[in-house]
Amino acid sequence: MDLLVLEKSLIGVFLAIVIATVISKLRGKKFRLPPGPIPVPVFGNWLQIGDDLNHRNLSDYAQKFGDIFMLRMGQRNLVVVSSPESAKKVLHTQGVEFGSRTRNVVFDIFTGKGQDMVFTVYGEHWRKMRRIMTVPFFTNKVVQQYRHDWEAEAAAVVEDVKKNPEAATNGIVLRRRLQLMMYNNMFRILFDRRFESEEDPLFVKLKALNGERSRLAQSFEYNYGDFIPILRPFLRGYLKICKEVKDRRLQLFKDYFVDERKKLAATEPLNNEGLKCAIDHILEAQQKGEINEDNVLYIVENINVAAIETTLWSIEWGIAELVNHPEIQKKLRNELDSVLGPGVPITEPDAHKLAYLQAVIKETLRLRMAIPLLVPHMNLQDAKLNGYDIPAESKILVNAWWLANNPANWKKPEEFRPERFLEEERKVEANGNDFRYLPFGVGRRSCPGIILALPILGIILGRLVQNFEMLPPPGQSKLDTTEKGGQFSLHILKHSTIVMKPRSF
Ligand code: HEM
């Protein structure tokens, strides 16, 4: 036992010396690192900073250390970028240098070490995956092909809520029904499939596995093993669970969706271009030898995470803000009634005519950004940023939430006030035309799903406000909007119960 302690202490001292030497070299004449708290050997800044690197904590550090600062989390360098000017350099001017992604031990498992698109480094594989995914997912043709389905899914939500007697009295957890809607919206595009109800066993299984994947990946629980490799053996149990979830999930995608579609295509050849769904395009790329079967499954994996959850969180935030700001909800309803006529259901082309609806969506994405730190970027090689040296393979977090919530750049940013996007910020769009507002990022690694997310948000928020007065549950004056942040995600902590009082026309 004593020998073991001695052995561990010796290893600790040895590591401390090695790391102190490396740091002093890095901080020496050759390197001019960004400012930040002084790291200690082995742990770096981890013990001072803790695990929760959420957007608010990082905004506080930015005010202390400046708009580019560096944290050493054990062995990992973390560079946080917090001004529009520096964000422009990282995402645009030096977009190639900073266009890769870091993965940690857990993301390595879930993405097969970057065989997907979202977490792969900037290079040939990424370019190919992005090209292959563009036609089936990210064009206006896709929006026009599927918008009627999204409208039908939103109508089904309205009908189901109206049928539920609890909805108008004690309230319901609306999110559960919206989750089914989002799965249906995306699974129609992916596989031309939908789930009949929240109880559909396949939907229940899929939702559980996706939920588990998100929880395991976004948790801070595994930071210690990621930051300090010598502690990694203690993560063995956690990583084993990740691997099991990953295997079960990919198997489910393959058995119940990809293979099913292949069987269908074999019996009814899909020669009509219009009938093709996304997986047909992806499988074609596989047949041509451009990608392999694993890549196909990782594309399905990416869409399940990147598309469904982010959009669902944003819908949920939008509803919570509308419930907590009844005057804004009323103003939006008046706009819908006056532009479309009372009871005329909003469709995708209508959304463009509804300036206040657009402003509500933008304000939701500003204050409640689903991915407030973007998906972490990375530089493969040593790089320079604003005169600082950024060591190769640093994790680069762009604090997009702070860019959009810094009182130096926005009028009363803590207020939920859609009017700002019709007044002083009327020129600002969600597509990254202003580096203070990047809910979808900008540049090479920006979100290609914006083209789908915005219309889906418009259709569902519009239909809900048209059909219901949305209120907090009895005895509550406001919904609890406590945030829950993860490695780079942000959602509402408690899925709210909402009273849905149907309107009569
Ligand atoms: C409101 C909903 C959404 C938000 C707020 C959002 C936000 C983001 C953000 C911030 C990024 C990272 C940008 C960067 O690192 O610079 C991203 C990446 C990505 N998003 Fe979205 N997204 C949403 C919906 C979607 C949808 C619907 C899809 C697909 C149908 C999608 C697919 C992707 C993909 C594939 C990437 C990775 C791009 C790359 O690495 O090249 N997203 N998203």
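Close-up 1. Leaving aside residues up to four places away in sequence, L464 touches V157, L174, L178, I319, M470 and M500 (contact means heavy atoms within 4.5 Å). We're looking at a predicted model, where local features need pLDDT of at least 70 and side-chain atom pairs count only at pLDDT 80 or more, while totals for chains, interfaces and linings use all residues. Residues are numbered from 1 along each chain as its sequence is written, and side-chain values use heavy atoms, with hydrogens and water left out.

Close-up 2. A nonpolar core here is a set of buried Ala, Val, Leu, Ile, Met, Phe, Trp, Tyr and Cys residues joined through side-chain atoms within 4.5 Å; buried means under 20% relative accessible area, exposed over 50%, partly exposed in between (1.4 Å probe, protein chains only). Helices (H or I, at least four residues) and strands (E, at least two) are DSSP runs, numbered from the N terminus.

Close-up 3. F119 sits in the loop between α5 (105-110) and α6 (124-137), and F488 in the loop between β9 (483-485) and β10 (490-492), so to speak a link across 369 residues. F119 counts as buried because its relative accessibility is 6%, and F488 is buried too, at 8%. Rings of Phe, Tyr and Trp (its six-membered ring) pair if their centres lie within 6.5 Å; planes under 30 degrees apart count as stacked, over 60 as edge-to-face and the rest as tilted.

**Close-up 4. A ring cluster.** Y183, F187, F191, F195, F203 and F257 are joined into a cluster by ring pairs. The whole structure holds 23 aromatic pairs.

**Close-up 5. Arginines over rings.** R127 lies over the face of Y122, 5.6 Å from the ring centre. R366 lies over the face of W410, at 5.6 Å from the ring centre. The test asks for NZ of Lys or CZ of Arg within 6 Å of the ring centre and within 35 degrees of the ring normal.
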